[in-house]
Amino acid sequence: MRYSIEGEPMPVVICELEANEMMITEKGAMSWMSPNMKMETVGGGAGKMFGRMFSGESMFVNHYTAVGAPGMIAFASSFPGAIRAFEISPGKDMICQKTAFLASTSGIEMSIFFQKKAGSGFFGGEGFIMQKLSGQGVAFVEFDGYIKEYTLAAGQSILVDTGYLAAMDSTCSMDIKKVPGVKNMLFGGEGVFNTEITGPGRVLLQSMPIGQMAGSLIPFLPSR
């Protein structure tokens with residue numbers, strides 16, 4: 001499979017498949033394709049279906065296969081931002097925000113990822129449940145806004161405001177840190193908790209979380 005990612009800030013990934021090669025995608029993610037691409041909607045078992053539901057994704061996924069000849073299929077982002085391709089292999093899993101998965105080659109497994117510390121889940125910004133991408137292959141993930149990547153050494157940390165964590169290597173860990181000072185918490189406008197990510201591993205941060213953007217638009221929307 002060959003691919004190109006084009007057109008930021010409203011990007012699309014265009015995949016060129018060999019004959020009988022298959023792609024996996026979320027419901028509604030396909031934008032255009034060659035006529036020989038065959039679609040099949042699958043659930044993959046009750047456990048996987050409910051796992052996807054709890055991680056914010058559809059219970060079903062679509063398989064697209066190039067039948068009889070090479071094929072082409074494209075997947076577009078649903079929000080201004082970026083599409084990134086990750087090479088996934090055993091021991092090199094990725095943890096992503098909910099609803100980030102766009103498409104992948106057939107060897108990628110999607111599952112739910114629970115934070116080890118309950119506090120991280122309830123107060124850490126990305127929620128108690130995130131997505132885990134494992135297996136072997138290429139996964140395409142969509143993020144909100146500009147993406148800044150940091151590589152943290154073992155024990156090195158970065159503090160992230162709510163919603164700005166897009167993805168991290170599974171070798172990283174997540175915890176929460178309370179904003180110091182009552183006045184800062186009440187009047188600082190930055191919330192009560194920040195998310196602390198500790199290495200080793202990559203951390204990808206997004207500049208325009210869709211939740212933050214929605215909140216900033218609410219005062220300008222007409223009220224009934």
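## Salt bridges

A salt bridge is a side-chain nitrogen of Lys or Arg within 4 Å of a carboxyl oxygen of Asp or Glu. In this predicted model, the side chains of D169 and R202 meet that description, with N and O 3.0 Å apart. D169 belongs to strand β16 (residues 165–169) and R202 to strand β19 (residues 201–206), so their pairing ties together parts that are 33 residues apart in sequence. D169 is buried, at 14% relative accessible area, while R202 is partly exposed, at 27%.

A search of the whole structure finds 4 salt bridges. Another of them joins K132 to D93, with the closest N and O atoms 3.7 Å apart. Since K132 sits in strand β12 (residues 129–135) and D93 in the loop between β8 and β9, the pair ties together parts that are 39 residues apart in sequence. K132 is partly exposed, with a relative accessible area of 26%, and D93 is buried, with 13%.

K177 and E196 also form a salt bridge, and here the closest N and O atoms are 3.9 Å apart. This pair links distant parts of the chain, with K177 in strand β17 (residues 173–178) and E196 in strand β18 (residues 193–198), 19 residues apart. K177 is partly exposed, at 40% relative accessible area. E196 is buried, at 18%. As background, side chains of opposite charge can pair when their charged atoms come close.

## An open three-stranded sheet

Strands β17 and β18 also belong to an open sheet of 3 strands, arranged in the order β15-β18-β17 with antiparallel pairing. The edge strands, β15 (157–160) and β17, each pair on one side only. From one strand to the next, the twist averages 30 degrees.

β15 and β18 run antiparallel and are joined by 4 bridges. V160 has T195 as its bridge partner in β18. In general, the strands of a sheet pair through backbone hydrogen bonds, either parallel or antiparallel.

## Nonpolar cores

The largest nonpolar core contains 19 residues, and L133, F143 and L204 have the most contacts inside it. At least two residues of this core come from each of β8, β9, β11 (108–114), β13 (137–144) and β16.

Not counting residues up to four places away in sequence, L204 touches R84, F86, M94, F143, I147, K148, E149, Y164, L165, A166 and A167. Another core, of 15 residues, lies apart from the largest one; L17, M23, A29 and I83 are among its members.

## Cysteines

The structure holds 0 disulfides. A disulfide is a covalent bond between the sulfur atoms of two cysteines. C96 is buried, with a relative accessible area of 0%. C172 is likewise buried, at 7%.

S89 is found in the loop between β8 (81–88) and β9 (94–96). The relative accessible area of S89 is 17%, and because the cut-off for buried is under 20%, this residue counts as buried. Leaving aside neighbours within four places in sequence, S89 is in contact with G135 and Q136.

The loop between β8 and β9 also holds D93, the partner of K132 in β12. D93 is buried as well, with a relative accessible area of 13%.

## T105 in strand β10

T105 lies in strand β10 (residues 101–105). With a relative accessibility of 11%, T105 is buried. Its contacts, leaving aside neighbours within four places in sequence, are M1, M22, M23, I24, Q136, G137 and V138. Q136 is also in contact with S89, and M23 is one of the residues of the 15-residue core.

The C-alpha atoms of T105 and H63 are separated by 9.6 Å, and these residues are 42 residues apart along the chain.

Methods: Residues numbered from 1 in each chain as written. Predicted model: local features only at pLDDT ≥ 70, side-chain atom pairs only at ≥ 80, totals over all residues. Heavy atoms only, no water. Buried < 20%, exposed > 50% of the residue type's maximum accessible area, 1.4 Å probe, protein only. Contact = heavy atoms within 4.5 Å. Disulfide = S-S within 2.5 Å. Pairing = 2+ DSSP bridges. Axes fitted to C-alpha atoms, helices over the stretch in contact; angles between N-to-C directions. Core = buried A, V, L, I, M, F, W, Y, C linked by side-chain atoms within 4.5 Å.
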